[in-house]
Amino acid sequence: EGSYVEKTFYVSDQALMDATAPLYNRAWFDYNCRPAVAIGSLTANDAYNPWMNPGFVTFQVTALDDQLSGTWKSFYSVVTMANSIINACKTKASGDCTETGIKRAIAEARLMRGVAYYYMIHLWGPVILFEDNQSIVDNPLRPLNKEEDVFKFIINDLTYASENLPDTWVKGRATSWAAKGLLGKVYLARSGWNGGT
């Protein structure tokens, strides 16, 4: 009593916006908290601190590093949260939800999922792609997807987002222009990936 229930939550466009709101903040916390500085600034020599995250300064990071595992966790939190929203929009949206509202919520989720995979491919190359959270729970041991497949997945997500997000700015929300900018960045990254053209 007094709590939201998934079955009856997705009943208005406002509820859809409320569902996507954590994709702009909480989902990224384990990356933005500290790893973003270690992975971004320390390895790029924008900052130097031999006592904080020395493995990143000296390029001797191992898979056991807390910052790296926190980053992996954060990115897959974004992916699973986005997948959950996409699934709910397709299967549970009812009541006063409009087609535009549903498409926009899915577009926001696909934008964030695409960005998470974009960061992951830069850090790890091949990663595990999935769109159904239950399938990964049922079968967690998955082979890594090839880099070209990860790029295709990202491009599909960002293309959908660019076509279904609004062109005009809404405070705190991504627009189609953000998706188009990210899509351009992905195309540029892919063009030179591992000697590509």
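Reader: Trp-51: buried or exposed?
Author: Exposed, because its relative accessibility is 75%. Buried means under 20% relative accessible area, exposed over 50%, and partly exposed in between, with a 1.4 Å probe and protein chains only.

Reader: What kind of model is this?
Author: A predicted one: local features need pLDDT of at least 70, side-chain atom pairs count only at pLDDT 80 or more, and totals for chains, interfaces and linings use all residues. Residues are numbered from 1 along each chain as its sequence is written, and side-chain values use heavy atoms, with hydrogens and water left out.

Reader: OK. Where does Trp-51 lie?
Author: In the loop between helix 4 (35–42) and helix 5 (54–57). Helices are DSSP runs of H or I with at least four residues, strands are runs of E with at least two, and both are numbered from the N terminus.

Reader: And how far is Trp-51 from Asn-83?
Author: Their C-alpha atoms are separated by 38 Å. Along the chain, Trp-51 and Asn-83 are 32 residues apart.

Reader: Next loop along. What is phi of Phe-59?
Author: Near 60 degrees. That is a positive value in a residue other than glycine. Phe-59 sits in the loop between helix 5 and helix 6 (66–91). Phe-59 is exposed, at 61% relative accessible area.

Reader: Switching to helix 2. Which of its residues are buried?
Author: Ala-15, Leu-16, Ala-19 and Thr-20. Helix 2 covers residues 13–20.

Reader: Where do they sit around the axis?
Author: On the same side of helix 2, because they cover an arc of only 135 degrees. The arc is taken from the directions that run from the helix axis to the C-beta atoms.

Reader: How do you describe two packed helices?
Author: By the angle between their axes and the distance between the axes.

Reader: So what are the values for helix 2 and helix 7?
Author: The axes come within 9 Å and cross at roughly 5 degrees. Helix 7 is residues 99–124. Axes are lines fitted to C-alpha atoms, for helices over the stretch in contact, and angles run from 0 to 180 degrees between N-to-C directions.

Reader: Roughly parallel or roughly antiparallel?
Author: Helix 2 is roughly parallel to helix 7. Angles under 35 degrees count as roughly parallel, over 145 as roughly antiparallel, 65 to 115 as roughly perpendicular and the rest as oblique.

Reader: Which residues make the contact?
Author: From helix 2, Asp-13, Leu-16, Met-17 and Thr-20. From helix 7, Gly-101, Ile-102, Arg-104, Ala-105 and Glu-108. Contact means heavy atoms within 4.5 Å.

Reader: How many are nonpolar, polar and charged?
Author: Four nonpolar, two polar and three charged. Ala, Val, Leu, Ile, Met, Phe, Trp, Tyr, Cys and Pro count as nonpolar, Asp, Glu, Lys and Arg as charged, and the others, Gly among them, as polar.

Reader: Stay on helix 7. What does Arg-110 touch?
Author: Ile-86, Asn-156, Asp-157 and Tyr-160, not counting residues up to four places away in sequence. Arg-110 lies in helix 7. Arg-110 is buried, at 18% relative accessible area.

Reader: How far is Arg-110 from Tyr-160?
Author: 7.4 Å in space, C-alpha to C-alpha. In sequence, Arg-110 and Tyr-160 are 50 residues apart.

Reader: New topic. How many disulfides are there?
Author: Zero in the whole structure. A disulfide is a pair of cysteine sulfur atoms within 2.5 Å.

Reader: Last one. Where is Leu-144?
Author: In the loop between helix 8 (133–138) and helix 9. Leu-144 is exposed, at 52% relative accessibility. Leu-144 touches Pro-126, Val-127 and Ile-128, not counting residues up to four places away in sequence.
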